[in-house]
Amino acid sequence: MPKLNNLSLAVASALALSAPLAGAMGGKPKDSDDAVAARIQPVARVELAASAPKAAAGDRSGEAVYKTYCSACHDTGAAGAPKMGDKAAWVPRIGVGLDVLVKTVKAGKNAMPPNGGSDATETELARAIVFMTNQSGANFKEPAAGAKPAASDRSGEQIAQAACLKCHETGEQGAPKLSDKVAWAQRGSKGLDAVTKTVIRGHGKMPARGGMADLTDEELRSAIAYLLKRVGAEGH
Ligand code: HEC
Ligand code: HEC
């Protein structure tokens with residue numbers, strides 16, 4: 001009766017483990033303290049190992065993540081990966097900004113698996129990208145530990161007031177006016193991500209980032225979302 005045997009074994013060991021508890025509650029422990037200590041020691045050791053500072057997943061440096069996961073392709077050019085240090089290959093990719101690169105790598109791209117095949121957190125991934133691209137013509141700032149990339153206090157509305165409405169309220173420079181639902185419905189239908197990419201690069205007479213160079217990608221996104229909401233094109 002193997003099932004019963006297993007069960008009684010489990011019950012027996014549960015009872016054995018509860019012996020110190022019985023002692024604490026005034027019952028008479030069957031074992032000496034030493035024997036109890038010896039028996040629970042392996043458990044205690046495992047718990048210690050688990051709580052000891054590991055190679056701190058979540059707080060690894062860009063270099064560490066790069067060397068563990070990314071270098072296999074990006075050192076060698078395997079699978080057609082742009083090689084670290086190859087500025088000609090990297091400069092056109094860097095222009096979209098760090099936030100977009102992080103999103104691209106998270107999603108994966110062609111021969112590159114999602115997250116670059118790593119278990120890196122988003123911050124670690126950003127660091128690895130900064131490590132790699134800064135040796136390939138970029139000049140990104142590494143995100144601080146735990147910091148959300150590019151958080152900001154400026155709302156979409158504040159940004160739009162400061163930077164976007166001067167063209168988009170009036171139609172100056174041929175900008176699509178907020179009152180022109182038709183023009184916007186067409187542009188908005190590409191989706192917020194695609195539109196954000198367009199504005200990051202600049203488009204026709206619109207300068208890159210709508211002319212406000214210090215805007216982060218997130219801020220730009222919120223400004224565009226604000227504009228689209230005003231237009232009423234959001235979600236259509
Ligand atoms: C299996 C090979 C492979 C691994 C591993 C890999 N990559 Fe890539 N990576 C590629 C390839 C191939 C491309 C080019 C994709 C394309 O443009 O078609 C690429 C492109 C990129 C780009 C540019 C994306 C863009 O928008 O053009 C970045 C940034 C990047 N990788 C970062 C990383 C990071 C960070 C890691 C490690 C966490 C990593 N990669 C691991 C193969 C790899
Ligand atoms: C100097 C005037 C000017 C400013 C300032 C400006 N824009 Fe534009 N914007 C334009 C023009 C012109 C176009 C149309 C470009 C075209 O289609 O050739 C445009 C197009 C757009 C589009 C549609 C892009 C697409 O994919 O069709 C969006 C979204 C947008 N602007 C958002 C913004 C945001 C957000 C800001 C502020 C951060 C801003 N713009 C600031 C002139 C401006």
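## Ligand 2

Ligand 2 is surrounded by 26 residues, and C164, C167, G204, M206 and G210 are the closest. A residue is near a molecule if its C-beta atom, placed from the backbone, lies within 6 Å of it. Helices here are DSSP runs (H or I, at least four residues), numbered from the N terminus. The largest share of the shell, six residues, comes from α7.

By class, the shell around ligand 2 holds 14 nonpolar, eight polar and four charged residues. Ala, Val, Leu, Ile, Met, Phe, Trp, Tyr, Cys and Pro count as nonpolar; Asp, Glu, Lys and Arg count as charged; the others, Gly among them, count as polar.

## Model and numbering

This is a predicted model: local features need pLDDT of at least 70, side-chain atom pairs count only at pLDDT 80 or more, and totals for chains, interfaces and linings use all residues. Residues are numbered from 1 along each chain as its sequence is written, while chains are lettered from A and ligands numbered from 1 in the order in which they are written.

The axes of α7 and α10 come within 9 Å and cross at roughly 65°. Axes are lines fitted to C-alpha atoms, for helices over the stretch in contact, and angles run from 0 to 180 degrees between N-to-C directions. The two helices, α7 and α10, are therefore roughly perpendicular (angles of 65 to 115 degrees). Their crossing is right-handed, meaning that the near helix is turned clockwise from the far one by less than a right angle. On the α7 side, G156, E157, I159, A160, C164 and H168 make the contact; on the α10 side, E219, S222, A223, A225, Y226 and L227 do. Residues are in contact if their C-beta atoms, placed from the backbone, lie within 7 Å. This contact divides into seven nonpolar, three polar and two charged residues. C164 of α7 takes part in it and is also among the residues closest to ligand 2.

α9 also meets α10. Their axes come within 10 Å and cross at roughly 115°. The crossing of α9 over α10 is right-handed. L192, V195, T196, V199 and I200 of α9 touch D217, L220, R221, I224 and A225 of α10. Seven of these residues are nonpolar, one is polar and two are charged.

## Ligand 1

The shell around ligand 1 has 27 residues, with C70, C73, A81, M112 and G116 nearest. The elements giving two or more residues are α3 (62–74), α5 and α6. α3 gives the most, with six residues. The shell around ligand 1 divides into 18 nonpolar, seven polar and two charged residues.

## Helices α5 and α6

Helix α5 (residues 98–107) packs against helix α6 (residues 122–133) at an angle of about 110°, with the axes 10 Å apart. That makes α5 roughly perpendicular to α6. The crossing is right-handed. L98, L101, V102, V105 and K106 of α5 meet E122, L125, A126, I129 and V130 of α6. This contact has eight nonpolar, no polar and two charged residues.

## Confidence

The protein chain averages a pLDDT of 75, and 70% of the residues score at least 70. pLDDT is the predictor's confidence in each residue, from 0 to 100. Among the elements of the chain, α3 has the highest mean pLDDT (94) and helix α1 (residues 2–24) the lowest (43).

Over residues 1–30 the pLDDT is below 50, and this stretch has eleven contacts beyond near neighbours in sequence. Residues 42–55 also have pLDDT below 50, with one such contact. Where pLDDT is low, the predicted coordinates should not be read in detail.

Definitions and conventions
Angles under 35 degrees count as roughly parallel, over 145 as roughly antiparallel, 65 to 115 as roughly perpendicular and the rest as oblique. Two residues are in contact if their C-beta atoms, placed from the backbone, lie within 7 Å.
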